[in-house]
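Me: I have a model to go through. I want each label set against its cut-off.
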Amino acid sequence: DQANGAPCPTCTSQTVNLMVVVKQFSMLRVQAEEPFKQLRPKVDYVFEFKIYNDGNNRDQFIIDVANRDELSDAGVQISLPETNTWIESKAPPQKMRVMMRTPKKQGWSDHYYQLDFRATSQHSVQTGGVLMQQTQMVTLYIRGVYLPGFELLPSMMMLGLAAAVIGARNREFEVDDEGM
């Protein structure tokens, strides 16, 4: 419009129209409330997970347990009260629950299992672009069956054996002392 403070005699005014379209994008985070849990056989427990919508618009998230068949084969029962949820962009996290019952028969040994909680953006599925999903793992330590005092019995047997060995050695020394 100006050159050194003087109006430009040859300048013409121009108008430019632009239209900006911001497309929706998906982004999410999943957080486990308890990433490690020790449980006994045949108990019910509810795990909580937080899902954050870090995308730029409201999105629906599909919830599942990625390794459900593997856990089922091991005797773990899984129940999802909800399989999807809508979350506004940048809203506080939505808490989702996974109900679980540990195996009835654990045996004498301890076992570790992994629960793979997965959230998938429905928008990313519909647009056919990059599939936006995240899996959060929880490690389960299921303690085996122990009888009360089971650990005490072998300890007592070892103490008895040690006492018998010490007693036998003392008798050998007594015999040697009398023979001299």
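Me: Which residues touch the most other members of the largest nonpolar core?

Reply: F49, I51 and L115, in a core of 27 residues. This is a predicted model: local features need pLDDT of at least 70, side-chain atom pairs count only at pLDDT 80 or more, and totals for chains, interfaces and linings use all residues. Residues are numbered from 1 along each chain as its sequence is written, and side-chain values use heavy atoms, without hydrogens or water.

Me: What makes it a nonpolar core?

Reply: The members are buried Ala, Val, Leu, Ile, Met, Phe, Trp, Tyr or Cys residues, joined through side-chain atoms within 4.5 Å. Buried means under 20% relative accessible area (1.4 Å probe, protein chains only; exposed is over 50%, partly exposed in between).

Me: Which elements give two or more residues to this core?

Reply: Strands β3 (28–32), β5 (44–53), β6 (59–65), β9 (94–101), β10 and β11 (133–142). Strands here are DSSP runs of E, at least two residues.

Me: What is F49 in contact with, leaving aside neighbours within four places in sequence?

Reply: Its partners include V30, M96, V98, L115, F117 and V138. Contact means heavy atoms within 4.5 Å.

Me: Why is D116 said to have no salt bridge?

Reply: A salt bridge needs a side-chain nitrogen of Lys or Arg within 4 Å of a carboxyl oxygen of Asp or Glu. For D116, the nearest side chain of opposite charge is R118, 8.1 Å away. Lys and Arg count as positive, Asp and Glu as negative; His and the chain ends are not counted. So D116, in strand β10 (residues 111–121), is buried without a salt bridge.

Terms used: Helix = DSSP H or I, 4+ residues; strand = E, 2+ residues; numbered from the N terminus.
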